[in-house]
Amino acid sequence: MINFLCPECKKEIDFQSKRPALECTNCKLQFEMINGVLKFTAKAQYADSFSTEWTHFRKTQLDSYNGTRISEKLFYEYTGWQPSDLKGKRVLDVGCGTGRYLEVVLKEEPESLFGVDLSEAVYVAAENLLPKNNRLMLLQCDANHLPLPDQVFDFVYSIGVIHHTPDPYKTWKNLVRLVKPGGRFAIWVYGKGRGNRLPSWIPRPIYLYQFLANRIIPSGTMLKIVLSYVPWAINLNRQPLIGCITRQLFPAIDYKGRFPLSDEMLIEWACLDTFDCLTPKYARTYTVDEIIGWYKNNGFCDIKVGKHLVSVSGEKLLT
Ligand SMILES: C[S@@+](CC[C@H](N)C(=O)[O-])C[C@H]1O[C@@H](n2cnc3c(N)ncnc32)[C@H](O)[C@@H]1O
């Protein structure tokens, strides 16, 4: 059993006594339980695009939905862990989205699994996973203010999340305290120069689209735009000569040949990941050495670089 701490006064809150709402007996703050999710945060503006993304693509990347093992394979490639490592352990997924990696971990029967997300995605994760899993606890909260005590988790992971926060290093450091001594912490963040085939000085239309998506076009409208152009753009972009030009004009993330998906699913994934690439307010990129430096300078050993740039995991020193 893990007790919650009030994000405001940091005192322990008695969870059992107050279902469906939680109240801090010290500062009297109340936290609602909505559809099985404990809500600890007010709406965060910068996560709006993720709410739009995940409330539309509710199941797309869940292995149980698309009939593949893509998320399972990616999870172990990112973290470098083995399925058997997780059995009977306390695990935390930071930025769980709709729960693709929660689903993977649940198969290994952890003692408990916590999934947290700042956006509305966590309610979709609840709909996808809570009915079948009593080891799962879902929280809507900010990774920088998790209402959880120090050193309680054997495994903490955050895949594709930290680079989307306003100060990624600070977010990463705020998560370190949750890892038990001897526990492991794995992240995947965007690598520097990813997907850039052209020299960086050549202006690319995608920069304009990202600017518009961030500052001017509401995320709901952006979703409609993506859903209407991506299905034909991926076909155009696959054409031998003209594709070099259309790929710049109509960016669309195409997993053909990379993931074993049907044509229909390839379009759904392309729409999802193109929207995901155009809309986030923050999207920092890193080198492997930068991330290794974070681990080295903050008391981690056995630092391993995963298969995908930039995925790194480390073991917290016993001190
Ligand atoms: C690209 S999605 C990745 C979701 C999931 N990890 C996956 O790989 O499918 C990034 C997620 O991070 C969440 N997120 C962003 N900033 C966060 C923060 N400060 N605290 C918690 N979650 C955050 C977003 O709401 C979004 O669901």
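Modeller: Happy to! Helix α1 and helix α8 (residues 219–237) pack with their axes 9 Å apart, at an angle of about 45°. Helices here are DSSP runs of H or I with at least four residues, and strands are E runs of at least two, numbered from the N terminus. Axes are lines fitted to C-alpha atoms, for helices over the stretch in contact, and angles run from 0 to 180 degrees between N-to-C directions. This is a predicted model, where local features need pLDDT of at least 70, side-chain atom pairs count only at pLDDT 80 or more, and totals for chains, interfaces and linings use all residues. Residues are numbered from 1 along each chain as its sequence is written.

Colleague: How are α1 and α8 oriented to each other?

Modeller: Angles under 35 degrees count as roughly parallel, over 145 as roughly antiparallel, and 65 to 115 as roughly perpendicular, with the rest oblique. The angle between α1 and α8 is about 45°. These two helices are therefore oblique.

Colleague: Which strands stand at the edges of the sheet?

Modeller: The open sheet has nine strands in the order β5-β6-β9-β8-β7-β10-β11-β13-β12, with mixed pairing. Two strands pair if DSSP finds at least two bridges between them. One side of each edge strand is left without a neighbour in the sheet, because each has a single partner strand: these are β5 (33–34) and β12 (300–305).

Colleague: What is the bridge partner of C301 in β13?

Modeller: Strand β13 (residues 311–316) pairs with β12 in the antiparallel sense, over four bridges. In β13, the partner of C301 is E315.
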